[in-house]
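Trainee: I am new to this one. Can we go through it by question and answer?

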Amino acid sequence: MSFQEKRSMKPAFKYIGRHRRAVEHRRFVTGQGRYAADIRLHGMSHVAIVASPYASARILSIDASEALKLPGVLAVITGEELNAAIDPMLPGVDAPSVTRYPLAHEVVRYTGEWVAAVVAESRAIAEDAAELIYVEYETTPHVLDAEKAMDASAPLVHPKHGSNIIFRRKFTWGPVDDHFGQSAHTLSYRVKWARSSTVPIETFAVACEWNDAQQVLDVWASIQMPKYPDLLAKCLRLPGNGVRVHYDVDVGGSYGVKRGLKHTILVGYLARKLNRPVRFIEDRLENMRGGDMQGPDRIFDVTLAFDTDGTINAMRMRAVDDIGAYSGRSPLQLGKPVGAIVGPYRIKSVEYDAVSVMTNKTPQEAVRGFGQAPTNYAIETGVDKVARFLGMSRIYIRNRNLIRSDEFPYLIPSGTYYDSGDYATVFRKALDAAVYDELVRQRDFLRQQGQLAGVGISTCLEPSGGNSSFEPLFNPKNETTTWMDSCLVRVDLAGSVTALMGTSTSGQAHETLVSTVVGEILEREPDTIRVMHADSLHALPSNSPVGSRMAIMLGGAAAGAAKKIRAKLLAVGAHNLGVPVEALIYENGEVIVKDDRSRRIPWDQLIEIVHRKYHQMPPGMEPGLQEKFVWEVPTGGKMPTEDGRVQMYPCHSFESHVVLASVDPGTGKVTLHRYVCGHDCGVMISPDVVHGMTYGGVAHGLGAALMEKFAYSEDGQLLSGTFMDYLMPSAMEVPPVTIVDHCTPSPLTEFGQKGSGEAGYLGSAAAIAGAINDALAERGACIDQLPMTPFAIWRTLQSTAARTQSGDNHD
Amino acid sequence: MELTGSQIIAAPRQSVWEALNNPDILQRCLPGCEKVERLSPEEFQVLLVAAIGPLRARFKGLLKLSEARAPESCVMLFEGQGGPVGFGKGSSEVVLNETDDGTELNYKAKAQVGGKLAQVGSRLIDNVAKKMSDDFFEAFRNQLSAGRATEAFAVPAVSMREEPRAATTEIPESRTAEPVEARGAQPRPSKENVRRPDERVAGLPGFVPVPTWSFAALLVTFGIVTGVAGTLLLR
């Protein structure tokens, strides 16, 4: 970064954008984090699960008699009892017969589906007892391939639904046919994004205690989920205030997957039934097969229409997503990409056929990016293919099609305005930092050494500030347009500031975020500000940290509440100084008369007035100092149009990845030599936190690109259900990552911030895949599916060589 | 998946066939087998304990015979429930050929496992299957070879409370492909085996159509997942 750029990016802020040690680090580094598994309740009992070994079967009988004889076993519960006592979890789309319960009843629909649960005095006893439960099954036909599942003759995962397609809608935004007709070329391709996920170190954990005197269910869970307390109360047939979720537990990683609603319903029911605390912690096997945490699993069929000069005019995309056996919010993961369906490019019209299909696999849940990373990979692969087809450089093609910085706000065909951006500059900064020409020289050197080597490039969007727009878009019966977040700020008698938020945190450093923002507005040292996680009965409504929204939404809410505090202090100052509010300024917690700085009331005195001296308060003002602010997502609150156009997310971060990779032609092993990520998420409130997210995101995308896949056998058995087979990147695979910042402030947010929780992940898989295909192109080979494992690469090289050879023979 | 193998047993084909038809002999040869119970001439219930890495379970299995052509060949169908660790099921086609050295036994098994066995066991099961096969054939040979056909050697069952290796590590390693001449006409001394000379099988019964149930059980419960590794490679 040049000096000028540094200076132009220098924030006009006191605390925002400054280096600051994250508040949370202290407890994590000193081993004082407090997770759901750390909750110790008197008389706590423990749960073990009996799961289906079949992908599809009828349950003929369940014999728990031996288990119940084991000393220490408190109860064995099956779906027959549980499901009659609760309401089902419903899918996010209009498919009321696709109901889901924590325990299967009569049929099982995937390997790993919960069939029975044992509660015992200890986990060990519960597990021993689980091994004594015999379930008799009769297998029924299953379907595992999403495309086969769409066929009318396929076995039905939910016969009552009448089809395995749970959602399908073809959107046409703009004159797609005309643009295809007018374009000089079209190019069709298919890419596949494998079922992978985030797989946090902490599996899902939940502890519940039923307080019979208060008639309230207390819940401690490693949760990251909007509307969790409401849904839990509804399914358990309790009043909304009959459930109290304690958000003050640390969550050991999530990025979307900590959606343990079914776990909590089961444990909550058991706690109430037994009238004693119950805890369930997934072990890794449980987590991976039945934890409902596997991510998007997609086949994209794309056709691009473009001109000889490289201008991409229109796109047709069919995305088939295999959501597994049940539906939560998974079909909606095809909905978020509607808001960035053209990526950062000026593609004028789009046809998008979104198909969500059920198969006999573990259900899919939200994973970082909510479907955007696969879509970005599909678009970027196409852009590279167009460049190769036209014999142009991938840099040229991108620069030709990137939305220009003077075109914002930019309306894309699907109805979303991109708020701001300077894509070409960020792209250039990434190329400069990588020293692109040098990278090409290194690539060619590696090629001379006998390696296959390639450079990968991606330019991708991160829509941020998550809201609910995909809900009404994908479900006509859903009119949710409110997607607020909130914060309460309080100043006590001693003048200390405390802020309260109503959600859990899974590593996003919300305490750092809120204290920095409140400190900025009130001009108080952020480290003196305490940030608390309320429980769900004390909290203001939050829609939880999803969709890269907390810097925008929680940050905005905290700023709003702090501004109300500041306004109140100014009013108190005006009343006591005998001047109008307009004559005052607020500086470092003091109220000062603008024209006579000697006339001022310091912080301590202002606080004393509002807490103790009612006689000095302006008439009618509430005593004390506590304000809340609830903020609706900016640009939110609108229903989609009839033809399916909608403002999806408000803010759009941008990232550009440049990577140099080599492939060992003998083994297919990939090495990444240089990695640069240019990143623009507007004003960074906590740069260290943003950089941490981005770095981890790059590693996450590396896993999706090269290693991670939940693989199933033809029988529907999960074959990669341990870390021996589900491979994740470690320090051995992740290269040093150079992050280059750029700042294009968002006009929609308090400080110009955008989201960054999905940073790195949204563009790294596309770039790494591009680098490998650049390397394989030397041999005329190409891979269009992830993960590009050494074996997949090796096999592609072999088959290409064989094809070439047989082609030669024919000549 | 498919698992194939071939064994040379220094005994006449008829003896091998009959031994394979003898639940008592097979129960003794098969590590971990606790019980074999005939439900009908073609159906047997099998109870055996298997340990694969961290998984240990008692399998309850049903064995069915089909296409039996004594003493040459048959097909066995097996389905075993291991409770929470999953299931194994499959079929095994067995052919016995007479050779100069005795009998050549060829088997071709197809099978699948499910549940935790598939999730966890895919990395371990190859070796477990190999080991169990070796143990089985070693014991089986000892039963059949050179006039010892009626002398029973037992491989102790894998107890639920006992490390399985304790029962099996002492059995000498035998390569299935090893030519039978290497063993000579005399059986290898079976000092490492737990010998119970006083325990005799009470006369070989007449034709009982259960040849190779042990193979099916063996393969299905332990070995059959070798193909899982192949499937994994297809990822």
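Trainee: Which residues of helix α18 of chain A are buried, and how are they arranged around its axis?
Mentor: The model is predicted. Seen down the axis of α18(A), the buried residues fall within an arc of 155°, so they line one face of the helix. They are L606(A), I607(A), I609(A) and V610(A).

Trainee: Which exposed residues sit on the face of α18(A) turned away from the buried side?
Mentor: Start with the buried side. It packs against β19, α17, β23 and β24 of chain A. The face turned away carries exposed D604(A) and R612(A).

Trainee: How many nonpolar residues does chain A bring to the contact with chain B?
Mentor: Chain A gives 23 residues to the contact and chain B gives 20. On the chain A side, six are polar and five are charged. The nonpolar residues there number twelve.

Trainee: Is Y255(A) buried or exposed?
Mentor: Y255(A) lies in the loop between β11 and α9 of chain A. Its phi is positive, near 50°. A residue is buried if 20 or more other C-beta atoms lie within 10 Å of its own. Y255(A) has 27 such neighbours inside 10 Å, so Y255(A) counts as buried.

Trainee: What is the omega of the cis peptide bond from F408(A) to P409(A)?
Mentor: Most peptide bonds are trans. P409(A) sits in the loop between α12 and β16 of chain A. The bond from F408(A) to P409(A) is cis, and its omega is near -5°.

Note on methods. Residues numbered from 1 in each chain as written. Chains lettered and ligands numbered in written order. Predicted model: local features only at pLDDT ≥ 70, side-chain atom pairs only at ≥ 80, totals over all residues. Buried ≥ 20, exposed ≤ 12 C-beta atoms within 10 Å, placed from the backbone. Helix = DSSP H or I, 4+ residues; strand = E, 2+ residues; numbered from the N terminus. Arc of directions from axis to C-beta. Contact = placed C-beta atoms within 7 Å. Nonpolar A, V, L, I, M, F, W, Y, C, P; charged D, E, K, R; others polar.
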